[in-house]
Structures are given as structure tokens and as C-alpha cells.
Amino acid sequence: MKLLHIDSSILGGNSVSRALSKATVERLRAEIPGLEVTYRDLAADPIGHLTGSYLAGQSAQTQHDQAMQEDLALGGRVLEEFLAADIVVIGVALYNFTIPSQLKTWIDRILVAGKTFRYTESGPEGLAGDKRVILTVARGGFYGEGTPSASFEHAETYMRSVLAFIGIAEPEVVVAEGIAVGPEQRERATNEALTAIAGLKAA
């Protein structure tokens, strides 16, 4: 089996979402013999923002300069990594109520008509529904259902919508919430999330 591990936090070793995504991958690696892991750090090795030139450049008849050739090649690799994966683990930070821009650039390279979704007479149809996706989400405040700030949460909700669009209707989500409130809450939330990760099914 193949696993794609994505991190998006800009906080490096201080990141809770990174710690949780790492723990998730370690849990699955220990349970699934021969698991092949591909890792992409979107903060350390960012993907450029989607451009009109990139979209136009996907035509075989278009001539490309060196930079565009490299960008198209990167987009192809990113998409193939995703398509090849049986399991995808994504560390999702919440910045200013939504996902990091680094994660958005990755999403823009995997939402490709004819590859991960298609348009039909009855509406869009997802083509990536055969994948298991696990999101490890870290939030500085409290944004869960029923909290006063729930309507401001556009990271987990956005990721669920994007994944549903490409056919992944039920991602597994582990959340550590309130980690910026104070050291005790950070530790409590992290430990609760790690406990949830330890209980994830192997496959």
C-alpha cells in the first residue's frame, strides 16, 4: 500500500498539526507491513500559486518557457502522488479561520477535471473515492460545533467540502483544539488527539 503524507504548518517543530500527522503515519506504518510513504512538506518546499498561464499551458499545443515547463512538471508529480496513494494523511493548521495558503496551492494541483472529478449531465462526479483520507487538524481557539466561534471555522469544513467534491465523503478527522489558550490546554488537547490516533483502525 502507498501512503501520501502532507504537512502544511509553517511552525516547524512547534506545530501540533505536524506532530499529529507524524503520529498518524507512524501508527499506520507500524500496523501495515510494507507501507510505502511519500512525504511532501508544503512549507519547506512550497508549490507556486495557480496561474492562468499554468491552466493554458496544459494544452499540448502551447509552447512553454523553462519556468512553465518546470511548474507543469511539478503539478504533474503532485497529482500523480495523490492518485497513486491508497491513504492520504494531511496535517491541517487553522490560520485566520482557514487553511494555510500553502495547502491551498496543493489542492489547486489535485482538483483536476478528468483526473479527480468530472462534470456530467447530472452534475460533478468525484473520481477519487477509493482513497482513505485522515486529517489532523490543530486550532488555536475553540471552533467546534456549538461553540460561539463555530461559524468562523473554514479549515476542516473546507477540507471536507473539497474532499467530498472529488468523491471522498467520509474523511477521518482528528482535532486538537484551543492549543493557543495556554500550555495546559495545549497539552490536554494534544494528548486527547494522540489517543484518538492510537485508536485509528489499521486499514
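**Sheet and helices**

Mentor: Strand E3 (residues 87–93) and strand E6 (residues 132–139) pair in the parallel sense over 7 bridges, where pairing requires that DSSP finds at least two bridges between two strands; helices (H or I, at least four residues) and strands (E, at least two) are DSSP runs numbered from the N terminus. The model is a predicted one, in which local features need pLDDT of at least 70, side-chain atom pairs count only at pLDDT 80 or more, and totals for chains, interfaces and linings use all residues. Residues are numbered from 1 along each chain as its sequence is written, and side-chain values use heavy atoms, with hydrogens and water left out.

Trainee: Which strands stand at the edges of the sheet?

Mentor: The open sheet is formed by 5 strands with parallel pairing, in the order E2-E1-E3-E6-E7. One side of each edge strand is left without a neighbour in the sheet because each has a single partner strand, and these strands are E2 (36–41) and E7 (172–177).

Trainee: At about what angle to E6 does helix H5 run?

Mentor: Helix H5 (residues 156–165) lies across E3, E6 and E7. With axes as lines fitted to C-alpha atoms, for helices over the stretch in contact (heavy atoms within 4.5 Å), and angles running from 0 to 180 degrees between N-to-C directions, the angle of H5 to E6 is about 165°.

Trainee: Is Thr190 buried or exposed?

Mentor: Thr190 has its place in helix H6 (residues 183–198). Since buried means under 20% relative accessible area, exposed over 50% and partly exposed in between (1.4 Å probe, protein chains only), Thr190, at 15%, is buried.
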